[in-house]
Amino acid sequence: MVSGLWVERLGLTNFRSYASASVETDAGPQVIAGANGSGKTNLLEALSLLAPGQGLRRVPFNDLARSCGDGSFAVSSRAHTLAGAADIGTGLAAGAGAGERAGRVVRIDGTTQSGSGVLADYLEIVWVTPAMDGLFTGPASERRRFLDRLILCFDPAYRTIAGRFERAMTSRNRLLADGVRDNAQLSGFERVMAETGIAVAAARLEAVAAMAAIVDKRRARDPNSAFPWSSFQLEGRIEDDLQRLSAVEAEDAYARTLSDMRERDRAAARTLDGPHRSDLVVAHGPKALAARHCSTGEQKALLLGLVLAHAELLTERQEGASPILLLDEITAHLDADRRAALFAEILRLSAQAWMTGTDEEAFNGLSGRARFWRVEEGRITFQA
């Protein structure tokens, strides 16, 4: 059995606002306080790069380098992982080039890896940022991205399947835009889209079912939780087909739709059917009210309820190894009771949670149970 995942040592070089920084800490909660623009979020962003993907801000890697540096950056860590203690490092070499295609280097115990996907075998990291406060009122693409990140924690291969779908759809769209009517070419891409699109939808349905089960468990344990239970479902034609057809039948149906709707999609300049059009619909359970109609405070509580359920589900599936939580400006829109409830949840999970905020007093409920840090102009110092 693996104990909770946590970062024991974190080192930064030429990362964002940090020329250099080093933090050595313990497995408990970490509170990082400081003024806006002092570098709190940058610290969490560095931690997020210890997981696969582009990090919590999803920016090109070259944008992470310190503005007055040589274009390189490095994040190093000593972490307690699913595979035991390991030295994990990632960064960008000087002169790697501009744009999103600049790839970062990943090393584990000094050995260079083929990509960031291997990090899924070591650390699970879940985060909440202020940008996610609009999850329920923003475009469906944000909710799909939220769900897809959840799935990646359970199935790292999902990224490959989703990527194949996106590439095949892009190729089909390009052929349509170029006026190509060659049935063989279009059918080839449509068959790949059908196979991978159904796999994407199936993975999402499975994740939603797993989340519903853990939400029900949390509801039974604490029916009056400060983070109300939520109901959610996937809305989309392809998901509806999967509910009533076999996977093979759903693939064939989607392939026929793509073939039949080529001229419509050509006129629209995009593919109008598929998992890229689905939506995750969330509702406030006790109020039976769509999340998008809830107050700002209620939406934040619903979001945290989903994230805490996700963390609990990961902990169960990893035989008690709780994920690392990155909670940026987390006390905003939370009253004193919800702050206390959040801290209690973190302690119950035994999770290493890195929390930021401008008001250190908002974290007084963790006094004696967390480490407190102060960030000022790219410098981090231990407080207590």
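**From values to terms**

Analyst: Helices H4 and H8 are roughly perpendicular to each other. The model is a predicted one.

User: What makes H4 and H8 roughly perpendicular?

Analyst: The axes of H4 and H8 form an angle of about 105° and lie 9 Å apart. Angles of 65 to 115 degrees count as roughly perpendicular, and the pair H4 and H8 is therefore given that name.

User: Which residues of H4 and H8 meet, and how do they divide by class?

Analyst: From H4 come Ala-210, Met-211, Ile-214, Val-215, Lys-217, Arg-218 and Arg-221. Their partners in H8 include Gly-305, Leu-306, Leu-308, Ala-309 and His-310. By class, this contact of H4 with H8 holds 8 nonpolar, 2 polar and 6 charged residues.

User: Why are helices H8 and H9 called roughly parallel?

Analyst: Helix H8 (residues 296-317) packs against helix H9 (residues 336-349) at about 5°, and the axes are 11 Å apart. Since angles under 35 degrees count as roughly parallel, H8 is roughly parallel to H9. On the H8 side the contact is made by Gly-297, Glu-298, Ala-301, Leu-308, Ala-311, Glu-312 and Thr-315, and on the H9 side by Arg-338, Leu-342, Glu-345, Arg-348 and Leu-349. The contact of H8 with H9 comprises 5 nonpolar, 2 polar and 5 charged residues.

User: How many residues are in the largest nonpolar core, and which have the most contacts inside it?

Analyst: The largest nonpolar core has 111 residues. Those with the most contacts inside it are Leu-12, Phe-73, Leu-123, Leu-326, Trp-354 and Met-355. Helix H4 (residues 183-221) gives the most to this core, namely 13 residues. As for Leu-12, the residues that it touches include Tyr-18, Leu-43, Ala-46 and Val-75.

User: How do you know whether Cys-153 is buried or exposed?

Analyst: Buried means under 20% relative accessible area. Cys-153 has 11% relative accessibility, so it counts as buried. Cys-294, with a relative accessible area of 8%, is buried by the same cut-off.

User: How many disulfides are counted?

Analyst: The count comes to 0 disulfides. The rule asks for a pair of cysteine sulfur atoms within 2.5 Å.

User: What makes Ala-86 count as buried?

Analyst: Ala-86 has 2% relative accessibility, under the cut-off of 20%, so it counts as buried. Ala-86 lies in strand E5 (residues 84-92). Its contacts include Ser-77, Ala-79, Asp-109 and Tyr-122. Ala-86 and Asp-109 are 23 residues apart in sequence, and their C-alpha atoms are 6.0 Å apart in space.

User: What about Arg-58: what makes it partly exposed?

Analyst: Arg-58 has a relative accessible area of 45%, which lies between 20% and 50%, so it is partly exposed. Arg-58 is in the loop between helix H1 (40-48) and strand E4 (73-81). Its phi is near 55°, a positive value in a residue other than glycine.

User: Why does Ala-269 receive the term exposed?

Analyst: Exposed means over 50%. The relative accessible area of Ala-269 is 62%, so Ala-269 is exposed. Ala-269 belongs to the loop between helix H7 (262-268) and strand E10 (279-284). The C-alpha atoms of Ala-269 and Arg-174 are separated by 8.7 Å, and the two residues are 95 residues apart along the chain.

User: How do you know that Ser-38 is buried?

Analyst: Its relative accessible area is 7%, under 20%, and Ser-38 is therefore buried. Ser-38 lies in the loop between strand E3 (30-33) and H1. Among the residues that Ser-38 touches are Ser-17, Val-375 and Gly-378. Ser-38 and Ile-380 are 342 residues apart in sequence and 9.4 Å apart in space, C-alpha to C-alpha.

Notes
Residues numbered from 1 in each chain as written. Predicted model: local features only at pLDDT ≥ 70, side-chain atom pairs only at ≥ 80, totals over all residues. Heavy atoms only, no water. Core = buried A, V, L, I, M, F, W, Y, C linked by side-chain atoms within 4.5 Å. Buried < 20%, exposed > 50% of the residue type's maximum accessible area, 1.4 Å probe, protein only. Helix = DSSP H or I, 4+ residues; strand = E, 2+ residues; numbered from the N terminus. Contact = heavy atoms within 4.5 Å. Axes fitted to C-alpha atoms, helices over the stretch in contact; angles between N-to-C directions. Parallel < 35°, antiparallel > 145°, perpendicular 65-115°, else oblique. Nonpolar A, V, L, I, M, F, W, Y, C, P; charged D, E, K, R; others polar. Lists of a residue's contacts leave out its neighbours within four places in sequence.
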